[in-house]
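These are my notebook entries on one protein chain, written as I looked things up. I begin with the chain as a whole and then turn to some of its parts.

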Amino acid sequence: MNRNQLRKADINLMVFFEVLMQERNLTRAAEKLFVTQSTVSAALARLRTMFNDPLLIRVGNRMEPSIRAAEVIKHLTPALDAMSVALSLTHDFDPPTSKMTFRIGLSDDVEAGLLPPLLRALRLAAPHVVVVVQHVDYWRIPDLLAAGDVTVGISQTRGLPANAKRKVLRTMHARVLRADKSPSPLTLDEFCQRPHVQISPTANIHGVVDDWLKEMGRSRNVVLSVPQFSSLPAILAGTDLLACCPDYAAQAMASWGNLQAQALPFDSAPLELAMVWLGTTDGDPAERWLRGLLEQHMGGSCEGMAVDV
């Protein structure tokens, strides 16, 4: 392979190409690269000259990659990943003095229940770093990791990319939240009869609790679906509504004052909360430090090894 061609290559231009292929939109690519749209247009023009190909072809209101562009990106992405890994090995990470920006993805229940102690630890260990949190769920994590919008995500997971690594942080057990002050645990009949709030970012009224009940030949009465756990204290206050959520989120919201958390009135299977990241950041000193802190303050009693999936 003729490596002299690399002397003519502009690596920054290759980064532009990768983002253009991900976004297929000049405006969104410019926003992601923190440059103007005219800069992205100029970069695309240079790329077209370099590859002697239109690369992105306008089809109606969208842009689609040419055959050559699709072939180039298959080779380019692993190369850029390898370069990122190599460059990460050239620098150390010093938490007390670092001014890095970390971009992490958290599901809503994790943000409500587990983020505060992590932030307190971060402020002590690395007071100058910036943390940007994006909302993730299992279906958003792969895209956000691939696009570089987050470098690590914590949620329930499924359908991860081939170059992802996954580590189970804890097993979660469901709890039921209620605002009424009755000290008596809910019976199964009362649980099924009382109105429920379902938390669903996809506006669904069906959840895993309904699957568990169906196995028992029972069902519950869902009357409201909301996208976030954090709204539950205000929604449940002064009502007979019930809401189910992971134990750590239930404990956090109960501590805010007007709710009590109880065990479900039936046995249920535990669920896994996992941390996922791409293999390209596995050796980065800063990212390794961050993952260690996430595991320390968001992990439970379970033991998990990082694995490729």
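I looked up the contacts in the protein chain between residues at least 6 apart in sequence, and found that 73% of them join residues at least 24 apart, where contact means heavy atoms within 4.5 Å. I note that this is a predicted model, in which local features need pLDDT of at least 70 and side-chain atom pairs count only at pLDDT 80 or more, while totals for chains, interfaces and linings use all residues. Residues are numbered from 1 along each chain as its sequence is written, and side-chain values use heavy atoms, with hydrogens and water left out.

I then looked up the secondary structure, which comes to 12 helices and 13 strands; these are DSSP runs numbered from the N terminus, with at least four residues of H or I for a helix and at least two of E for a strand. Of the 309 residues, 43% count as buried, a word that means under 20% relative accessible area, whereas exposed means over 50% and partly exposed lies in between (1.4 Å probe, protein chains only).

Next I followed strand β5 (residues 152–155), where V152 and I154 point one way, G153 and S155 point the other way, and all are buried. In a regular strand the side chains alternate between the two faces of the sheet. I asked which strands pair with β5 in the parallel and in the antiparallel sense. Strand β3 (residues 101–106) pairs with β5 in the parallel sense over three bridges, and strand β12 (residues 271–278) does so in the antiparallel sense over four bridges; two strands pair if DSSP finds at least two bridges between them. V152 stands opposite I104 of β3, and its bridge partner in β12 is W277.

I turned to R178 in strand β7 (residues 174–178) and asked why R178 counts as buried. R178 counts as buried because its relative accessibility is 1%. Its side chain reaches the backbone oxygen of S184 at 3.0 Å. Leaving aside neighbours within four places in sequence, R178 is in contact with residues including P185, E190, R194, L236 and N258.

My last entry concerns I11, which is found in helix α1 (residues 11–23) and counts as partly exposed because its relative accessibility is 39%.

Notes: A polar contact is a pair of N or O atoms within 3.5 Å; within protein, one must be able to donate a hydrogen and the other to accept it, and residues adjacent in sequence count only if both atoms are side-chain atoms.
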